[in-house]
Amino acid sequence: MQILAIETSCDETSAAMLRNGQVLSNIIASQEEHIVYGGVVPELASRAHVAKIVSVVDAALQRGGVDKHDIELVAATHGPGLVGSLLVGLTFAKGLALSRNLPFYGINHLEGHLFSTLIEYPHIQMPFLCLLVSGGHTILAVVRDVGDYEIIGQTIDDAAGEAYDKVAKILGLPYPGGPAVEKLARQGDPGYVRFPVANLKSASLDFSFSGLKTAVLYHYKNLSEDAQEKHRADIAAAFQQAVIAALKKNIEVALEQTGVQTLTMAGGVAQNKTLAAALQQLAAAKGCDFYSPKPQYCADNAAMIGYAAHLFATKKRPFSNLSLSAVPNLPLI
Ligand code: KG4
Ligand code: ZN
């Protein structure tokens, strides 16, 4: 089964070719036009998708060594995301499926992230616990089967990636902030200040990052300019330590409560090496396996959308109707 997959939910124009679950190509065209604005501008994002989609799909076919006549199934993200961005990839994919009479799957972006680890590690057995950490989501989910998920914790305010981006802004770092904060944190002392880890209701495995972001803001504002300059790396390190502590705390309880043997991590923030090392250590201490995807499968990419479509096809899930629309706030379940 040769699948062409398209992902345009935010600011990455991506297309991938997969054959029987193997990724043949995964083209990701990032949009530089948002950097000067310090965040994604939706209107610019959809225009950039329109400008890039044809060449990105062509590149995916060419790099994958697949003729367009040999595509057997088309898949595209249909939510969640920016509606204008989603519509570009989704409409392109539906048009292709209609014109060539091909089956089509509309894929939930979050399902793509959930299964992204299986691209490289297809032997991972379900159920597994997945920490999905991105700019828009922080979800702790038990994945029992394709289409069978239980959310056991999620953020009640900011997503972890959003907190990284906001703290980056406070510290005067460029967008997207996650990689910049992680890099700066490597030179800092995480013990310089103890930022609070939110304590929600005792039985809850939910997360909250907005108080942490505010604590960083007030701490930074109350320093003299000299001290701000001197302690930027320390603040980044202390912030990151607090994020990791909050994630670890709930994951540890989740592993104990669910008894699952495998922990995975996915989404843009999963590129964070300090977090990956911390979760690896936690999983080992609990006698569990830990897997996380390589960077190009962590950030938004079409390969994960194609892999979810591959799993859908393997499970003989009914194809999507071509009337399927973009759903900006599509939930996981
Ligand atoms: O999954 P993703 O590419 O897009 C969404 O679906 O949101 O995630 C983007 C998020 C941004 O907030 C970015 O700052 C964060 O992932 N991120 C990181 C790192 N690399 C990207 N956060 C922490 N450490 C990183 N190394
Ligand atoms: Zn994403």
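Donors are N, O and S atoms within 2.8 Å of the metal (3.2 Å for Na, K and Ca), and because water is not among the atoms, sites may look incomplete. This is a predicted model, in which local features need pLDDT of at least 70 and side-chain atom pairs count only at pLDDT 80 or more, while totals for chains, interfaces and linings use all residues. Residues are numbered from 1 along each chain as its sequence is written, and side-chain values use heavy atoms, without hydrogens and water.

The zinc ion (ligand 2) has His109 (NE2), His113 (NE2) and Asp300 (OD) as its protein donors, at 2.1 to 2.2 Å, and these follow the spacing H-x3-H-x186-D along the chain.

Helices here are DSSP runs (H or I, at least four residues), numbered from the N terminus. Two of them pack against α8 (residues 225-258), with axes fitted to C-alpha atoms over the stretch in contact and angles running from 0 to 180 degrees between N-to-C directions.

| Helix packed with α8 | Angle | Axis distance |
|---|---|---|
| α6 (residues 177-185) | about 110 degrees | 7 Å |
| α5 (residues 160-170) | about 170 degrees | 11 Å |

Since 65 to 115 degrees counts as roughly perpendicular, this describes α6 and α8, whereas α5 and α8 are roughly antiparallel, a term for angles over 145 degrees. Contact (heavy atoms within 4.5 Å) between α5 and α8 is made by Ala163, Tyr164 and Val167 of α5 with Phe239, Gln240 and Val243 of α8.

Technical notes: Chains are lettered from A and ligands numbered from 1 in the order in which they are written. Helices (H or I, at least four residues) and strands (E, at least two) are DSSP runs, numbered from the N terminus. Angles under 35 degrees count as roughly parallel, over 145 as roughly antiparallel, 65 to 115 as roughly perpendicular and the rest as oblique.
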